Amino acid sequence: TLAHEIGHIVLEADDQCIDWVADEPDAERVQEDLCDVIAARLLIPADVIDGVLAGEAPTAAHIYELYQNTRASRTACLIAVCGRMPCEALALLIEDDTDHVFYSSRAHDARPYARPSDPLPNGHPLHRRERLPATSESWWASPSGDRRRYYQSVHHAGRWTYVLLTERDLWKVTTLHFDQEAPEHRPHDGIVT
């Protein structure tokens, strides 16, 4: 929480960033996301993330491992690992006994994406998350119901499920891949939320 508040101080000191945030459709939410990213970067040194990843493609289990090896929150660890994704990706944290996203992060402006408190899409495999394999094919739906294919890494620990959804098959889930058209969105400005 304190590191998040430091994020607000950092943002207020950067006129260019404040102007960019003000132009966003949901400026308040974008500002809060940026403060969460700043907090994660303050709390979790790059070398600690490197040590957990050990040169491997990030997985949902790495989020949990980072949480076990630091004093950072689950959400900060989710942001930190998501920030290392080499492609468009979503990272989700889901608490047991709910079908809602507790926290989310995304890499490279991935769309469609989830926000905290969003319900899991109807029919999504994450409704049965405790019985899912560690990696599998998956999808995420936009509010209009259009689905985008993703590859999924899931790790369940305690009463939490950690999830990574990626556009590329980083974990060799399948041997046959078809190109899919990415949804249109604004270019990524280098800020990962």
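Is R29 buried or exposed, or does its relative accessible area place it in between? R29 is partly exposed, with a relative accessible area of 29%; buried denotes under 20% relative accessible area, exposed over 50%, and partly exposed the range in between, with a 1.4 Å probe and protein chains only.

The structure is a predicted model, in which local features need pLDDT of at least 70, side-chain atom pairs count only at pLDDT 80 or more, and totals for chains, interfaces and linings use all residues. Residues are numbered from 1 along each chain as its sequence is written, and side-chain values use heavy atoms, with hydrogens and water left out.

**The sheet**

Five strands make up an open, antiparallel sheet in the order β2-β1-β5-β4-β3. Strands (E, at least two residues) and helices (H or I, at least four) are DSSP runs numbered from the N terminus, and two strands pair if DSSP finds at least two bridges between them. At the edges lie β2 (103-107) and β3 (135-141), each of which pairs on one side only. On average, neighbouring strands are turned by 30 degrees against each other, direction ignored; axes are lines fitted to C-alpha atoms, for helices over the stretch in contact, and angles run from 0 to 180 degrees between N-to-C directions.

Strand β5 (residues 160-166) pairs with β4 (residues 147-157) in the antiparallel sense over seven bridges. Within this pairing, S153 stands opposite L164, and Y151 has T166 as its bridge partner. The two strands form a hairpin with two residues between them, and G158 in the turn has a positive phi of about 65 degrees. Strand β5 also pairs with β1 in the antiparallel sense, over seven bridges, with T161 as the bridge partner of I94.

In a regular strand the side chains alternate between the two faces of the sheet. For β5, both faces are covered: W160, Y162, L164 and T166 are buried on one side, and T161, V163 and L165 on the other. Because seven of its seven residues are buried, β5 is largely enclosed by the rest of the structure.

Helix α5 (residues 60-69) touches β4 and β5, and its direction makes about 135 degrees with that of β5; contact means heavy atoms within 4.5 Å. Helix α6 (residues 74-82) touches β1 (89-95), β2 and β5, with its direction at about 15 degrees to that of β2.

**Salt bridges**

The structure holds nine salt bridges, each defined as a side-chain nitrogen of Lys or Arg within 4 Å of a carboxyl oxygen of Asp or Glu. Three of them are listed below.

| Pair | Closest N and O atoms |
|---|---|
| R29 and D33 | 3.4 Å |
| E95 and R159 | 2.7 Å |
| R111 and D109 | 3.4 Å |

E95 lies in strand β1 and R159 in the loop between β4 and β5, so this pair ties together parts that are 64 residues apart in sequence. R159 is partly exposed, at 47% relative accessible area. R29 and D33 both lie in helix α3, four residues apart, about one turn of the helix. D33 is buried, with a relative accessible area of 9%. R111 counts as partly exposed at 22% relative accessibility, whereas D109 counts as buried at 11%. Salt bridges that share partners join R29, D33 and R115 into one network.
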